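Subject: Structure handover and notes

Dear colleague,

I am passing on the structure we spoke about, and below it you will find my notes on what was found. Please read them with the model open beside you.

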Amino acid sequence: MAKTTVTVADGLARAIEDKTARVGVIGLGYVGLPLVLEFIRGGFPVVGFDIDHEKVAHLQGGASYISHIDPARIRAARESGRFEATADFSRLSEADAVIICVPTPLTPQREPDLSYIEKTAEAIAATIRPGQLVVLESTTYPGTTDEVVRPRLEAGGLRVEQDIFLAFSPEREDPGNPSFSARTIPKVVGGVGPRSARLAEALYRGTLDQVVRVSSARVAEAVKILENTYRAVNIALVNELKITFDHMGIDIWEVIEAAKTKPFGFAAFYPGPGLGGHCIPIDPFYLTWKAREYGLSTRFIELAGEVNTGMPRYVVQRLSSALNDAGKCLRGSRILILGVAYKKDVADMRESPALEIIEELQQAGAEVDYHDPHIPQLHKMRRHQLALTSVPLDGGLSRFDAAVVVTDHSKVDYAAVVSAIPLVVDTRNVYGRVPHAPGRVVKA
């Protein structure tokens, strides 16, 4: 058996080195699609898998459905003859390396929902063959690769590290960031064993600038959890300080700007209306859930989660109070939400606090519209069913009683907004740089 094992591993290693290994990427969203393009740029043949037939059709036609990915890159990938997209998961056996980039959301009880990983692992297991490498990139708790993916892959009799190979490599995508890309962000890789680790490292080194190999898949999983928990906790700290300083008449933004002049011992984090994106609002809860298995309570992380998840309600309270000071009631008021994406200048709404704010305002009886230059219409999501269309800012602003800046997109005329609408609640400090009349802006 040892001789067979070496032959299988060496054969895959040679195919990776020669770039004849076919790469399969499951999940063609904000993580999977950039990875597809990098492997194609690196010279590998790639098959992209997705259950969304519309996405597959777009890609097959050379179109992009992600705003920051140039359609020309998709067309070039298709014209190269080294890329195709499919919804036929029976073709997974064609791939020598299969990379899993599927969602890992939370349940309504804020516990890990691993159903996407489980179903994907079962789909791979249905066609798996000796000599395949499987890499999980979906963010999750330490132990998922070993405890959830591995037994499903081995259910048919093949053995990891002998016949097939398994690793974890956390995604580190930052959509819309012009300074870093899938190619330039260092890639952490950990295998469930040494052969898996070497093969996964070789695969990513074939197309990315830097690969950081760690001792195990569990360590690699923990790296991603640490990165996102670090941000979540520090953002919670400044969010709590924002509320505290507001009661003291102190501007948190001015405090941060002064504090970050210190050349050591301080990293600037900024408050906001709540956390968005797929990682920071979700990943720390994966760790707190897993810690309970060991009889541990991660109180610090849970408290940070409570602070951050409470920010949308704080924004609504600030708006209600400001309207009250102006002699108006929130019920019946017309409110304009500026920005529904979770971050600046992207079209990504995953876990956006804007959605919570809109629902809270509607439940309070307000009439709500939104403007977002990147998101013309709110589509159906797992937890939100908002049927709204972005309204233009080229006229009619005076009909609104108040506006709330939730996402500080660059393509918004904030001066025109504050001159036409009597009250603006600013959660992003855009009016720290935009002139406005006294009393028209309330920070939240």
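The crossing of α10 and α11 is left-handed, a crossing being called left-handed if the near helix is turned anticlockwise from the far one by less than a right angle, and right-handed if clockwise. Helix α10 covers residues 283-293 and helix α11 residues 299-309, and they pack at an angle of about 145 degrees with their axes 10 Å apart; the axes are lines fitted to C-alpha atoms, for helices over the stretch in contact, and angles run from 0 to 180 degrees between N-to-C directions. On the α10 side the contact is made by Pro284, Phe285, Leu287, Thr288 and Arg292, and on the α11 side by Ile301, Glu302 and Gly305, where contact means heavy atoms within 4.5 Å. Sorted by class, this contact has four nonpolar, two polar and two charged residues, with Ala, Val, Leu, Ile, Met, Phe, Trp, Tyr, Cys and Pro counted as nonpolar, Asp, Glu, Lys and Arg as charged, and the others, Gly among them, as polar. Helices (H or I, at least four residues) and strands (E, at least two) are DSSP runs, numbered from the N terminus.

Please keep in mind that this is a predicted model, in which local features need pLDDT of at least 70 and side-chain atom pairs count only at pLDDT 80 or more, while totals for chains, interfaces and linings use all residues. Residues are numbered from 1 along each chain as its sequence is written, and side-chain values use heavy atoms, with hydrogens and water left out.

Turning to the charged pairs, the count comes to 28 salt bridges, each defined as a side-chain nitrogen of Lys or Arg within 4 Å of a carboxyl oxygen of Asp or Glu. One of them joins the side chains of Lys224 and Glu171 (3.7 Å, N to O). Lys224 lies in helix α8 (residues 217-247) and Glu171 in the loop between β6 (165-168) and β7 (187-191), so the pair ties together parts that are 53 residues apart in sequence. Both Lys224 and Glu171 are buried, which here means under 20% relative accessible area, with exposed meaning over 50% and partly exposed in between (1.4 Å probe, protein chains only).

A second salt bridge is formed between the side chains of Glu201 and Arg205 (2.9 Å, N to O), which both lie in helix α7, four residues apart, or about one turn of the helix. Glu201 is buried, with a relative accessible area of 15%, whereas Arg205, with 46%, is partly exposed. The side chain of Glu201 also makes a polar contact with that of Arg213 (3.1 Å); a polar contact is a pair of N or O atoms within 3.5 Å, of which, within protein, one must be able to donate a hydrogen and the other to accept it, and residues adjacent in sequence count only if both atoms are side-chain atoms. Leaving aside neighbours within four places in sequence, Glu201 is in contact with Val189, Val211 and Arg213.

In a further pair, the side chains of Asp348 and Arg350 meet in a salt bridge (2.7 Å, N to O). Asp348 is buried, with a relative accessible area of 1%, while Arg350 counts as partly exposed at 30%. Elsewhere, salt bridges that share partners join Asp146, Glu147, Arg218, Lys290 and Glu293 into one network.

Gly276 is in the loop between α9 (252-259) and α10 and is buried, with a relative accessible area of 14%.

Helix α13 (residues 353-363) has Pro353, Ala354, Leu355, Ile357, Ile358, Glu359 and Leu361 among its buried residues, and their cover includes α12 (311-325), β9 (334-338) and β10 (367-371). Just after α13, Gly365 takes a positive phi of about 95 degrees.

Glu161 has a positive phi near 80 degrees; Glu161 is in the loop between α6 (144-154) and β6, and counts as buried at 12% relative accessibility. Asp345 has a positive phi near 60 degrees; Asp345 is found in the loop between β9 and α13, and counts as partly exposed at 30% relative accessibility.
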